[in-house]
Amino acid sequence: MLDLIENLGKPVVACINGSRSWRCELALACTMRLASNNAKLGQPEVEAGDYSGYGGSQRLPRLVGKGLAMQIVLAGEVITAQKPIALVW
């Protein structure tokens, strides 16, 4: 389903509200992402010792670059609308 959204050929906007989970995977497949004030995005699978099973680990570096993607995935960083993640790599 996420590959279909990513390759739809029309703009798809993700409106994000709430806690992080598979929503990040869905948002990564969309053309544009809009976050509410209480939105939290990240890859929570890291904290459970799991991996991103819906293509997020491939889409994330294409959108934000390898360094920032590594910071989000390996450190379990959380991105919010008020405090976006800083580029430290």
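## Strands and a starting point

Strands here are DSSP runs of E with at least two residues, numbered from the N terminus. Strand β1 covers residues 13–16, and Val-13 belongs to it. Keep in mind that this is a predicted model.

Val-13 is partly exposed, at 43% relative accessible area. Together with Met-32 and Leu-34, Val-13 makes up a nonpolar patch on the surface. The three residues share about 260 Å² of accessible area.

Now for the charged side chains. The count of salt bridges comes to three, and a network of them links Asp-3, Glu-6, Arg-59 and Arg-62.

Start with Arg-59, whose side chain meets that of Asp-3 in a salt bridge of 2.7 Å, N to O. Asp-3 sits in helix α1 (residues 2–6) and Arg-59 in helix α3 (residues 56–64), so this pair ties together parts 56 residues apart in sequence. Arg-59 counts as buried because its relative accessibility is 3%, and buried means under 20%. Arg-59 also forms a salt bridge with Glu-6, with 3.1 Å between the closest N and O atoms. That pair again links distant parts of the chain, helix α1 and helix α3, 53 residues apart.

## Glu-6 and Arg-62

Glu-6 is partly exposed, with a relative accessible area of 32%. The side chain of Glu-6 also meets that of Arg-62 in a salt bridge (2.8 Å, N to O). Here helix α1 holds Glu-6 and helix α3 holds Arg-62, 56 residues apart. Is Arg-62 buried or exposed? Arg-62 counts as exposed, at 57% relative accessibility.

Conventions: Residues are numbered from 1 along each chain as its sequence is written. This is a predicted model: local features need pLDDT of at least 70, side-chain atom pairs count only at pLDDT 80 or more; totals for chains, interfaces and linings use all residues. Side-chain values use heavy atoms; hydrogens and water are left out. Patches are made of residues with over 30% relative accessible area and no salt bridge: like charges are joined within 9 Å, nonpolar side chains (Val, Leu, Ile, Met, Phe, Trp, Tyr) within 5 Å. Accessible areas come from the Shrake-Rupley method with a 1.4 Å probe; for residues, only the protein chains shown count as cover. A salt bridge is a side-chain nitrogen of Lys or Arg within 4 Å of a carboxyl oxygen of Asp or Glu. Helices (H or I, at least four residues) and strands (E, at least two) are DSSP runs, numbered from the N terminus. Buried means under 20% relative accessible area, exposed over 50%, partly exposed in between (1.4 Å probe, protein chains only).
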